[in-house]
Amino acid sequence: MRAQFRHRWRSSFFGLLLALFTLLGSTSLAGQVGQTMRGLMQQAVEAFQADRYEEAARLFHQLEATFGREPEFRAPRTQRMLLPLNGYAHLLSGDPQRAVALFREALQIVEMSSADRVFVRYALAQALEAAGEYDAAIDAFGRFAEQHPAEPGAALALLRQAELRLETGDLESGVSLLNAFYAGGHPPSLRTQARLRAIRALTDAKEWESSAALLFGTDWSLRTMPELGVLAFAALRIGDRFLASERPIAALRAYRLVPPRNELIERQEERLHAVRTHYARYRAHLTPSSASIWENYFLRITGRIESTLEGLRGSEDYTPGFQLRRGHAFLLAGRPREAIQILRYLAGDTTLAERDRREAHYRWIVAAISMERWDDALAIGRAYLREYSDSERVPQTLFLLARTYREQRDLESAAAILRELLEEYPDHGQAERWLFTLGFVALEQEAQADARRHFARIAADRNANGSNLVDPARFWHAMAWFLEQSYDRALQEFHALRGTLPAQHRLEPEIHYRVAATRYAMRDYDEALREIDGFLQRFPGHAREPEGRVLRGDILMGQGRHIEAASDFRRVPPEHSALFVYAIFQSGKIYRALEEYDLMVHHFQSYLERDDLLKRPRVSEALYWIGWARQQQGRVSEAVPLFLSALDRYGNDPAATEIDAILDALEYQVQRNPELGATLGGITEFESWLETARADALRNSQFTWFARLSLRLGKTQPRDGTHDEGKGYLREIADLVPVDRLDAFALGRMGAFFYLRGEAAEAERYLHRLLESFPDSPDRAHALHYLGRLAEDRGEWQSARHLFHRIISELPMHPLGPESMLAHGRVLTALGAYDAAREQFEALLRLRQARGRPQAEALQGLARIAEAREEPKRAIPYYQRIYNMYRAFPDLTADAYRRSAAMFEATGDLQAAYNTWRELRFMNETDDPSLHEEAKREMRRLEVLLPRDATVDSPISSDGDNEHG
Amino acid sequence: MIALLGGAHVPAAAVGAAPNALVDTLAEPITVWLTDGRVFTGTPRSVTDRSIILAVEAGRVEYTLGAGEILRVELPGARHIDLARDLMGEGRRAEALVILETLYYHRLPYLPYLREKEVLAFAALVDGRLQQGRSVEAVAVAKHLLPHLPEQSRDPLEAALLLGYFRLGWDEAARTQAEAWIRSAGPYRRSALGWWIIAATALQNQDYETALDHALHPIVFSSQLPVDDLELCYAIAVHAALALNDSNHARLLFGEMRDRRLKWPSAEFPLPDAVHAFGDQDNRKDTKDHP
């Protein structure tokens, strides 16, 4: 208190002191009495000037006590100067109550000048404040502002009035006054100060919404405002509050006002210097009365800034923790790119504490995952595990990696990590979730039995944990039966689960839907319909309602109630685009089945004309059906132009499907209707038309169309890789067509072509393009298969395994399926995963479409496994099956003979070995002389080893002829 | 044409444009302090980075002063540097640059002997030339001055050099310089220069991911305290986000730019058409989030 007043009053009192000395010099008090008063006054004034305020106050008191009755002392001209001095001496010596009385007395003096009256009024208000008479002080400041509105100090008085309201606990009134002050025409720096006070008061009172409204609603003059630190800390508190309340957007807005610590210190120091410089210029223009008031304000503000700086310099740097929270806020606000910027920087900043770097690194993984940057997420995650192997977040990090692998469809790696987690941290709080996820992964790997085992473990823990994963686990346990097509078991479990759930459980609608779907899969359409109707009636507006509609349509189709089915399909809303398109084409099937060709045409035309769809896939397919319908109506003259129009519009579009089907339809019509030659530019032979169109396509740089026509003409299925049928169409495509112009089908064929020719780099170029550009096309099977073969050739077993597994699980019915299963089996064998390999080969043996060579090779694979396990007796039967049943494949047969002979020999059964070689010796299915020679040599070798009574042929002549051959 | 002025070769054009008072001043003698305390005042006959040959006593005596023994050199014309600074402050840039240019050429051979603040005085010349679009000359001056400054004082000239490279389209040099600029300090800077230059170059080369990544950095690390060229970063980020088909992000960034009272830099980047569709959507108004 003393310091803030001291400087203020020096200038003010200069005038009073001067006047008093003049008075002292002219006083008429003579003799001992006048000199004593003068002497005392002089002593008091000197003490005052020397900042010895207690002494000055005592002397003033003594003065009054001694000369208080003297007319000279009591004269107004004396009192008007003495009283303010006296009052201040008391105020500064810690006796504000006395000061108040003296100031009040001073204000009674009529002769007091208005300038002196100004600062006495202000001083009175301050003394009242110092005396704890806050209400009186508030009134006094308010009166000052009313009585001296033009004074520069009036603004300060209003500000102080508002601050006192706050300090006395009257938040509402204080804030109201400060807001009024802010809205008034006061100097900007004071208005800013008022706003800051209000924000701080509201924040202290935890009135977050109100404080935030002021924070965001103020145009902060950040280039000039002095108290940056106050603003920064208020914004930080408000931001943290919003973040804790999960309001990241508001948190980020508040955080925007918080600079990093070092920058805040630097800029705050600049502002402090600016304030001092500005005030030094400004005070030269102030009147003594105003100067004293402003000096007080200046001391307050510089004091606060210095205090802020001291606090900043002496405290720990808040920046890393703050930036971590900002990174988190950006993530929550759905701005992962921004989050990554911060987190990546913090994770790599070696000047930070390890705990901050570690936390940032972990969140960086989360941010990468949220952006679906899977490769980045894996790399960042692995780096985290290397760097912070002791961190308590290791389990969570491993789980994030498992999630990432799952997103990348590397399910085996995902499962491996989850199993590792469960082994290493069986009691971890998240162990159940890991187990649940492992169950899901098993489902995705089509290992339904494994999946059930995992879900069953969770379900069995109900009594132990009461966790909220138990019911979902039971649900998915049932789903695993469904996916395995064990529908009865699935139904049983769905019903059991439904019976135990409380009313309005969140799983209830899902179970209803699934039961309907199961019934449908069992072709129990009546029950399926009952269930789906129950679902649609009981849960209108459920997220699955569109699917429910579609399912109901399919059920009705199953019952032959096509018209009703079409009605259900029409109720699927277009915003569910995948279901909507499915419904469109299902309805098309209905019209086709009902032979309602006009309806069919109208239906697909309506689809093509819709303008409310974000995506409109299968357009060429729709056009095809329109043309087909016209064709069925015998309106060939309309169908063919439709087909040609579709080809014209979409033939060169790599994304268009059904182009081949349209060409099939066109070819069919041309073959049956020679008069259509006119429509085809006078060409009557379809192949000729194809050649002409192909030449035109090349001339017009319609590369996609050119490739399609080339493939159509070539109709190649490269087998041996040395040539393609026809005229080297594939090589031409490779030479002329840029890769990005090929459709999925062409990319697959080109990739296969180059693989079979041994040109790995070229093959990879097409196959990778296929996967990247057409990730959902069935033709991606070529990419998966041949990339898998390439990996197998290079001995990259894990990659090969992953790729083959993908085609088997994603496209089980694709023609490349059996070959992929074989390759998968071989790769699993190479990896030593014999059980899995055996399962794969056995699955192939059960596959109808794999009859012939693939099954022979599967048997060979099984035999190889037995050999690898050193189980020759198990290997032999497989080889025997090959050479007994698959003699159409001499290479496999010969190999089977060779290997089984070796196996017999390994078991000590030399006679059987001899007999086996003998069979090979006389094998008719091959004309390879080296095989026969080899057999002869082995027979000769074994004859020596066989017992005397063994059954052997007559000694074999050099030309190998034998009556048994 | 080159004029010999006070021992230095000054382009005639600079001499011709300079005030006569300056030209006369620069012809005055120089003073050289040696490390052993001796002081010489005279007319320079030759100035290299190895020695100064000074003619004293009306040219009758010549001293060869080796670079190793020279403590400092006082050249005429120092007050004209102050004059140029004042003219800059008054907005009379063209006049100031004429003076600075003359002084620069005069002092060019003496650079190894000048104090830091005397060398730094010519940063204004570099900035002035950049503003006039004379990027080649700006780069040349900056490259001459930089070797004569300590590491901690090079920032303004390195920034100017970077800007010069960018304006000249020297992408590789700009990128290298920008990366050095970025590495030279942490993320909290008062300028976004290096970031926006790399981002702008990437944008031109249609490398939108790199453009967005770099443009976002100063946006993310800045607070409400002023950062030079931040509006350029926002503009590039909006363009890159739109090119990456992320109109949502572009809209967010554009709204944030407005909230931060930053003006779109139309001179450098056109306002994308897509921005007009953003309308008056208020980024702050998240129904769950807005206070």
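Start by selecting Glu762(A) and Arg765(A), whose side chains meet in a salt bridge at 3.1 Å, N to O. A salt bridge here is a side-chain nitrogen of Lys or Arg within 4 Å of a carboxyl oxygen of Asp or Glu. Both residues sit in helix H41 (residues 760-773) of chain A, three residues apart, about one turn of the helix. Helices are DSSP runs of H or I, at least four residues long, numbered from the N terminus. Color by accessibility and Glu762(A) comes out partly exposed at 26% relative accessible area, and Arg765(A) is partly exposed too, at 40%. The cut-offs are under 20% for buried, over 50% for exposed and partly exposed in between, using a 1.4 Å probe and protein chains only.

Some housekeeping before moving on. This is a predicted model, in which local features need pLDDT of at least 70 and side-chain atom pairs count only at pLDDT 80 or more, while totals for chains, interfaces and linings use all residues. Residues are numbered from 1 along each chain as its sequence is written, chains are lettered from A and ligands numbered from 1 in the order in which they are written, and side-chain values use heavy atoms, with hydrogens and water left out.

**Further along chain A**

Next, pick Arg826(A) and Glu792(A), a salt bridge with its closest N and O atoms 2.7 Å apart. This pair ties together distant parts of the chain, 34 residues apart: Arg826(A) is in helix H44 (residues 817-830) and Glu792(A) is in helix H42 (residues 780-793). Arg826(A) is partly exposed at 32%, whereas Glu792(A) is buried at 14%. Now select Glu129(A), Arg160(A), Glu163(A), Glu167(A), Arg197(A), Glu227(A) and Arg304(A), which salt bridges with shared partners join into one network. Over all chains, the structure holds 94 salt bridges.

**Across to chain B**

How many salt bridges run between chain A and chain B? The count is seven. For one, zoom in on Arg344(A) and Asp213(B), at 3.5 Å, N to O. The pair crosses from helix H18 (residues 336-348) of chain A to helix H11 (residues 208-221) of chain B. Arg344(A) is partly exposed at 31%, and so is Asp213(B), at 24%. Then try Glu209(B) with Arg337(A), a salt bridge at 3.0 Å, N to O.

Zoom out to the whole interface: 34 residues of chain A are in contact (heavy atoms within 4.5 Å) with 32 residues of chain B. The buried area, meaning the accessible area (1.4 Å probe) lost on putting the two together and summed over both, is about 3000 Å², with carbon and sulfur atoms giving 53%. Select Arg256(A), Arg337(A) and Gln341(A): they supply 25% of the area that chain A buries against chain B, more than any other three residues.

**Two loops in chain B**

Asp229(B) is in the loop between H11 and helix H12 (230-243) of chain B, and is partly exposed at 23%. Last stop: Asn245(B), another non-glycine residue with a positive phi, about 60 degrees. Look for Asn245(B) in the loop between H12 and helix H13 (247-259) of chain B, where it is exposed at 72%. For context, most residues other than glycine have a negative phi.
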